[in-house]
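Please look over the sequence and the fold below. The report that follows takes them region by region.

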Amino acid sequence: MLGYVLRRLLSAVPVLAIVAVLVFLMLRLTPGDPAAVIAGDNASSEQIAQVRHQLGLDQPLPAQFAIWIGNLLRGDLGESFFFKKSIGELILGRVEPTLSLAAATMLIAVCVAIPLGVVAAYRHGSWLDRIMMGVSVLGFSVPVFVIGYGMIYVFSITLGWFPVQGYQPLSSGLGGYLHRLVLPALTLSVVYIALIARMTRASVLEVLSEDYIRTARAKGQVERKILFRHALKNAAVPIVTIVGIGIALLIGGVVVTESVFAIPGLGRLTVDAVLARDYPTIQALILLFSGVYVLINLLIDLTYGLFDPRIRQ
């Protein structure tokens, strides 16, 4: 097992290296000059050239890439062009909101979607199954920002149950932290509830036709025990995969929700960095998201052994 983990970690190195090269080249070759953004609209060509020199953007691309990779290998993510702060410090300051939103979203999605998917599979073809699948299609179809603004109008403006926008750190109090987290998490969980529920339904439906399920029923076992102990456990591999991929996508894909609810997380930081053409910050964030995606895929592979006895052998 240790050898497998080491091989997977080593295989991630070329993936991250390719991501680093592609991100570096795409940022440098796309239109736009961070020096012009920093210098301002009224800056002269000489002032812009001076800013470019200070940022090291007047050096050849291979030299810029070598400097960035050298600093990265020493654990130095560099300094933000726009925020004038260490990128590591910037990311650490924005991690808590994004991780909190991702964790709350996935907790809601898993707790709601898996029971819905199991019930839909058990009641296959019934009106309940059709309603659940219709609602899941609707969850896929409606954009997240529409759901977000709808939630704000109903629960914040009309009912006044939750604040419209903002985020309160956990260190400032658990009550306010949860109060401001519920609405964004509910908004973002809609699409993941739809995704996980459909995958759960399909996987459980396939397992329910197996011989060991009919044997369990013939032995007189309780239907709830058959569904959740036998069927769901043996259908868990694709469900775990979807949940893991969803977590990875959530870490780097909360841009819209964080923008709608004014949450100062990594998504908002990515938007601000892109608008400011902040090369070092964008590069660091994309590498971070890529690394998280690779790590979560490794964890998914390791958890397969908990559900598939063939892998444990």
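## Annotated spans

Where does UniProt place the feature "transmembrane region"? The record, an unreviewed entry, puts this feature at residues 9–27, 99–122, 134–157, 177–197, 235–262 and 282–307. Keep in mind that the model shown here is predicted. The annotations may be inferred rather than shown by experiment.

Two of these spans can be compared with the coordinates. Residues 99–122 are 100% helix and 0% strand. The end C-alpha atoms of that span lie 34 Å apart. Residues 134–157 are 92% helix, again with 0% strand. Here the end C-alpha atoms are 28 Å apart.

## Overall fold

The protein has 15 helices and zero strands. Its C-alpha atoms fill a box of roughly 85 × 55 × 35 Å along the principal axes. The domain assignment gives two entries: domain 1 covers 14–78, and domain 2 covers 95–276. Their centres, taken over C-alpha atoms, are separated by 38 Å.

Now the contacts. Take those between residues at least 6 apart in sequence: 73% of them join residues at least 24 apart.

## Surface and charge

How much of the protein is buried? Of its 313 residues, 38% count as buried. The protein exposes about 16900 Å². Carbon and sulfur atoms supply 67% of that area.

There are 24 positive and 18 negative charges. The mean positions of the two sets are 13 Å apart.

## S136 and helix α6

S136 sits in helix α6, which runs over residues 127–141. Is S136 buried or exposed? S136 counts as buried because its relative accessibility is 4%, and the cut-off for buried is under 20%. Beyond its neighbours within four places in sequence, S136 is in contact with A194 and R198.

## L195 and helix α8

L195 belongs to helix α8, residues 174–207. At 31% relative accessibility, L195 counts as partly exposed. Which residues does L195 touch, not counting those up to four places away in sequence? They are F140 and I242.

## I239 and helix α11

I239 is found in helix α11, residues 236–252. With 5% relative accessibility, I239 counts as buried. Leaving out residues up to four places away in sequence, I239 touches I114, I196, M199, T200, S203 and L232.

How far from I239 is L128, C-alpha to C-alpha? The separation is 21 Å. Along the chain, I239 and L128 are 111 residues apart.

Most residues other than glycine have a negative phi.

A262 is not a glycine, yet its phi is positive, near 55 degrees. A262 lies in the loop between α12 (255–260) and α13 (266–275). A262 is partly exposed, with a relative accessible area of 27%. UniProt's span 235–262 ends at this position.

R277 also has a positive phi, about 55 degrees, although it is not a glycine. R277 is in the loop between α13 and α14, the latter covering 279–307. Is R277 buried or exposed? R277 is buried, since its relative accessible area is 16% and the cut-off for buried is under 20%.

Note on methods
Residues are numbered from 1 along each chain as its sequence is written. This is a predicted model: local features need pLDDT of at least 70, side-chain atom pairs count only at pLDDT 80 or more; totals for chains, interfaces and linings use all residues. Side-chain values use heavy atoms; hydrogens and water are left out. Helices (H or I, at least four residues) and strands (E, at least two) are DSSP runs, numbered from the N terminus. Buried means under 20% relative accessible area, exposed over 50%, partly exposed in between (1.4 Å probe, protein chains only). Contact means heavy atoms within 4.5 Å. Accessible areas come from the Shrake-Rupley method with a 1.4 Å probe; for residues, only the protein chains shown count as cover. Lys and Arg count as positive and Asp and Glu as negative; His and the chain ends are not counted. The place of a charge is taken as NZ of Lys, CZ of Arg, CG of Asp or CD of Glu. Domain bounds come from an automatic or database domain assignment.
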